[in-house]
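Please examine the aromatic side chains in the model shown below.

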Amino acid sequence: MKRLKLILGISAIIPLIKIVIIPLGIISAGISFMASDCDTTTPTPPWHTTPYQIPSPSGNWWPTPNIPADNPMTVEGVTLGRYLFYDGRLSGRLECDSQMSCGTCHLQKNSFEVGMDNPRFPGGRTKGIPDAQYPNGKYTPHYMLPLINLVFNHNGYLWNGMIHSSNPNLGSAAYKVPALPQYHMKNIESLVWMGIAAQHEMNSTIEKSVNMIKSIKSKPNYAELFKAAYGDEEITYDRISKAIAQFVRSLVSYNSKYHKWVRREIPKLEPNEYRGYTIYMSEKGDCFHCHGDPVLLTTNLFYNNGLDSIFNDTRDRYAYTKNPMDKGVYKAPTLINIELTAPYMHDGRYKTLREVVDHYSEQLVNSTTIDPLMKWIAYGGTQLKESEKDDLIAFLKTLTDWDFINNPAFSKPADLDTGCD
Amino acid sequence: MKQILVTIALGAFVKSVFIPLGVIIAGLSFMAGDCTPDTLIPVTGKIAFKFEHFVNNDTAVFDKMIYTNEAGNPWELTLVQWFISDVTLHKKNGDSVVLNKWTFYHYIDTDIPSTLNWDVVDPVDTGTYDHISFIFGFKGERNKPFMFVNPPESQMFWPYYLGGDSGGYHYMKLNGFWKDLNNIRRGYNFHLGVGQYQDVNGNRIKVKQGDDSTFIFVQNWFKVDLPSSFFSLQKDKTKEITIRMNIESWFKTPHVYDHNYWGPDVMENQRALKTIKENGFDVFTVSSIKDR
């Protein structure tokens, strides 16, 4: 009887199922179908990649990472980029005396700047691979900018900021690079084709460099690395530039003594360091207006900081903006790891931190485009006492991030063999 | 018998499914019904602000030393960057509405044209408003270090050493040049933000807090009541209100501001900051109110 009741009860519900449940099912299936139809518009990688997390120990203190939508960071992409960054054959050459990689000039021990003690470029003056026109190599127009925390920069790359999302230009006749979409001037990826093709850097061609990477079969096995990063073994310039850019974006430095102090992981600075901090962060030294973001130690903006009164540099900010007030104007670089990154300024004129501090203290040069932040120009600068300069330099040295400098994740891969080490 | 069982089964189904459903639907209807009477639906319009920077009743000219201030200093203007916050619309009966639901501030930068327009997201009740006020900069409780991590706002950073926990950002940077008594063109940084308590000699005063001594700070934000800012807002309309900063007024009233006296920088000079603050009360006017 009980069983009969159950059957009858179910029978009675059947019309309801027909009227309510089935239409609901159809609607639900339709929605699912539409949803799956939408999914097909977003290609799902047929391979597995692991998203790369930008480290930021102080959480929401750091800017939003500047990562192009078409180049999300993955562990596999960063790994590939690291090999390419350090591979001298990217220059399109096998001869050891002419191989050049990004890492040839950008040394980790110098916070990815060239440094005064670079064995290939003593004094920090870099130049391109020699050719018939420049048998000793063509000097780079500017000295180097820091290659760290670029992922947090939203205000343009290079000393004049010309590499910016708003720049519509493509390619370069001077570099013999055609005006194609992949040769844009918008972000870190753009710096790769420039580095390869510029006569004052790798002095190669895109084709030659890509073919050289294609020809490498082991140590590393690029086919495997490209497959891990991109799903197949195809090696293209676009993929090379994106992988290198991913590695460069991973170069995040946040663990200096100063940063730890700001995060209250260490209780205090030494007395001289603290005195230097108060000079830096007050009108006395007034470093903070240009180098003031409390975690990045730069605004990433552009200033005439009183170096010259006559402007004949064809690569200053004016060269890009065409605004006459931008003559002699350059980006303010981060001061993180500043003690390791001599020589200083766009033209490398200062070899020590003391010389830099002396510049801002007594040697400012007035001009029509001097930034109003250089407000003690009438006195040549901020007129710091010698003891105050000592304290300021002591503080600047607290900005050195030894964890970053010694981080094996950023070093040359041990199994990378270019045949030249 | 079959009919009885069917009835029982149906009854059970109705009880377990339709009655709860009915209760839910009734509840939803009740809630919806609660909003339906016309008298309780908010009737709203929108507010949009435009910002303009004038000197002596004309659009400010940048990078040219063509002005002379009340103190006789020839001066030029390079940039103006400032924050407006807690904009409040006041009614004659004393009621007011603060435009802070979506965001409580707006950043204005003469180098970034897009910042000269602010379409307020908050819907605003229709009606007649007697006047507008705003906070120049930020109230102390809002001005927290690290509240901005992205440019351009983050570039208004005011050092913790100078502003403490309630002084994270400049209220304003007004930069330019003046010609000093020796006819030398010198930069000035007319910056306003949190000041520091100082003794008569200008030395900062510390107070004991537990085992530590800490500096004490002075809030320099101020409320601006905009004159002639009466307007009526109609349903689904946008009222566009243009706020003008009359830059020469920073140097004029009630205190004549002499760059040669105050010097190029003021962030550690509370007397100067107080002077700037007091000069700011009448710097702003409304130059137009119109329907968009």
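The paragraphs that follow treat ring pairs and then charges over rings.

The model is predicted. Over all chains, the count comes to 58 aromatic pairs. One of these is formed by Phe85(A) and Phe112(A), whose ring centres lie 5.9 Å apart. The angle between the planes is 75°, and since planes over 60 degrees apart count as edge-to-face, the pair is given that class. Phe85(A) belongs to helix 2 of chain A, residues 75-86, whereas Phe112(A) is found in the loop between helix 3 (102-105) and helix 4 (188-197) of chain A. The two residues are 27 positions apart, and the pair thus links distant parts of the chain. Phe85(A) counts as buried because its relative accessibility is 1%. Phe112(A), with a relative accessible area of 0%, is buried as well.

A further pair involves the loop between helix 3 and helix 4 of chain A, where Tyr183(A) lies. Its partner, Tyr237(A), is in helix 7 of chain A, which covers residues 237-249. The geometry is tilted, with 5.3 Å from centre to centre and 50° between the planes. Both Tyr183(A) and Tyr237(A) are buried.

Charged groups also lie over aromatic rings. In chain A, Lys327(A) is placed over the face of Tyr318(A), 4.8 Å from the ring centre. In chain B, the ring of Phe54(B) has the charged end of Arg244(B) over it, at 3.6 Å from the ring's centre.

Technical notes:
Residues are numbered from 1 along each chain as its sequence is written. Chains are lettered from A and ligands numbered from 1 in the order in which they are written. This is a predicted model: local features need pLDDT of at least 70, side-chain atom pairs count only at pLDDT 80 or more; totals for chains, interfaces and linings use all residues. Side-chain values use heavy atoms; hydrogens and water are left out. Rings of Phe, Tyr and Trp (its six-membered ring) pair if their centres lie within 6.5 Å; planes under 30 degrees apart count as stacked, over 60 as edge-to-face and the rest as tilted. Helices (H or I, at least four residues) and strands (E, at least two) are DSSP runs, numbered from the N terminus. Buried means under 20% relative accessible area, exposed over 50%, partly exposed in between (1.4 Å probe, protein chains only). A charge sits over a ring if NZ of Lys or CZ of Arg is within 6 Å of the ring centre and within 35 degrees of the ring normal.
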